[in-house]
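Hi there,

Here is the structure I promised to pass on. Have a look at it first, and then read my notes below.

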Amino acid sequence: MTDPTQSALNAATTTAPAGFQRVVVGVDFSESASHALDTARARFPGATLRLVHVTDARVTATPDLMGGVSAAMPDPTLLQTLEDADATRMQGVVREGEETELMVGDPVTGLLEAAASWGADLIVVGTHARGAIEHFFLGSTAEKVVARSPIPVLTVRGGNRPA
C-alpha cells in the first residue's frame with residue numbers, strides 16, 4: 001500500500017522543488033506541525049520559510065445547547081496571554097533565516113490570508129490523526145486549507161496516531 005503523504009512528498013521533490021521559493025508552514029505547536037516543519041526544511045532547501053501561527057480567537061466561544069458554539073465577547077486579557085505564550089513558543093521553533101507571523105483569528109482563514117499577502121508558492125501543514133467522532137465535530141484544519149487554497153498545499157501526516 002502506498003502512503004499518500006509520501007507520494008505527495010516524492011512528487012513535490014521530484015517535479016519542481018526549486019519552484020517553491022516562498023513556503024508558508026502552519027505551526028500550531030503539535031507533533032504533526034513539528035513534523036511538517038521538519039519536512040519543509042528538508043524538502044525545500046533554499047526556500048524562504050515563513051512560520052505562521054494563528055492564535056484561535058474562538059477560545060472565548062461558549063457551548064450552546066444544540067452542540068455548537070455561540071460567539072462570546074473576546075476577553076482581551078485571555079487573548080493577550082495566549083498571544084504572549086504563543087510568541088514565546090514560536091521563538092523556540094524558528095531558526096535563523098526563517099520568518100514568523102503571529103495572528104489572531106480563525107486558523108484556516110488566517111493561514112490562507114498570510115500565504116496570500118506574503119505571496120507564498122506553497123503551504124505546508126501537518127495533519128492530525130483524529131478519531132472519526134472528533135473529526136466529525138471538529139473537522140480538519142488541513143482539509144479546509146486544501147479545499148480553500150488557491151495555491152498548492154502539502155499535507156504531512158505525523159504525530160500521534162490512534163492504535
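Arg41 counts as buried because its relative accessibility is 16%, where buried means under 20% relative accessible area, exposed means over 50%, and partly exposed lies in between (1.4 Å probe, protein chains only). Before going further, please note that this is a predicted model, in which local features need pLDDT of at least 70 and side-chain atom pairs count only at pLDDT 80 or more, while totals for chains, interfaces and linings use all residues. Residues are numbered from 1 along each chain as its sequence is written, and side-chain values use heavy atoms, with hydrogens and water left out.

Arg41 meets Asp38 in a salt bridge, at 3.9 Å from N to O. The term stands for a side-chain nitrogen of Lys or Arg within 4 Å of a carboxyl oxygen of Asp or Glu. Arg41 and Asp38 are three residues apart in helix α2 (residues 31-43), so about one helical turn separates them. Asp38 is partly exposed, with 40% relative accessibility. A network of salt bridges links Asp38, Arg41 and Glu98.

**Arg50 and two glutamates**

Which residue forms a salt bridge with Arg50 at 2.9 Å, N to O? That is Glu99. Arg50 sits in strand β2 (residues 48-56) and Glu99 in strand β5 (residues 99-105), so this pair links distant parts of the chain, 49 residues apart. Arg50 is buried at 16% relative accessibility, whereas Glu99 is partly exposed at 29%.

Arg50 also forms a salt bridge with Glu101, and here the closest N and O atoms are 3.1 Å apart. Because Glu101 lies in strand β5 and Arg50 in strand β2, the pair ties together parts that are 51 residues apart in sequence. Glu101 and Arg50 are both buried. The count of salt bridges comes to four.

**The nonpolar cores**

A nonpolar core here is a set of buried Ala, Val, Leu, Ile, Met, Phe, Trp, Tyr and Cys residues joined through side-chain atoms within 4.5 Å. The largest one has 17 residues, and the members that touch the most others are Val23, Val25, Phe44, Leu49, Leu122 and Val124. Two or more residues of this core come from each of β1 (22-26), α2, β2, β6 (122-127) and β7 (153-157). Helix α2 gives the most, with three residues.

Leaving aside residues up to four places away in sequence, Val124 touches several others, including Val23, Ala36, Ala40, Phe44 and Leu154; contact means heavy atoms within 4.5 Å. There is also a second, separate core of 15 residues, which includes Val24, Val54, Val108 and Trp118.

**Val153**

Val153 is found in strand β7 and is partly exposed, at 22% relative accessibility. Val153 and Leu122 are 31 residues apart in sequence, and their C-alpha atoms are 5.8 Å apart in space. Among the residues that Val153 touches, not counting those up to four places away in sequence, are Leu122, Ile123 and Val145.

**The whole chain**

The protein has six helices and seven strands, taken as DSSP runs numbered from the N terminus (helices H or I, at least four residues; strands E, at least two). Along the sequence the pattern is α-β-α-β-β-β-α-β-α-β-α-α-β. Of the 163 residues, 36% are buried. Among contacts between residues at least 6 apart in sequence, 77% join residues at least 24 apart.

Best wishes
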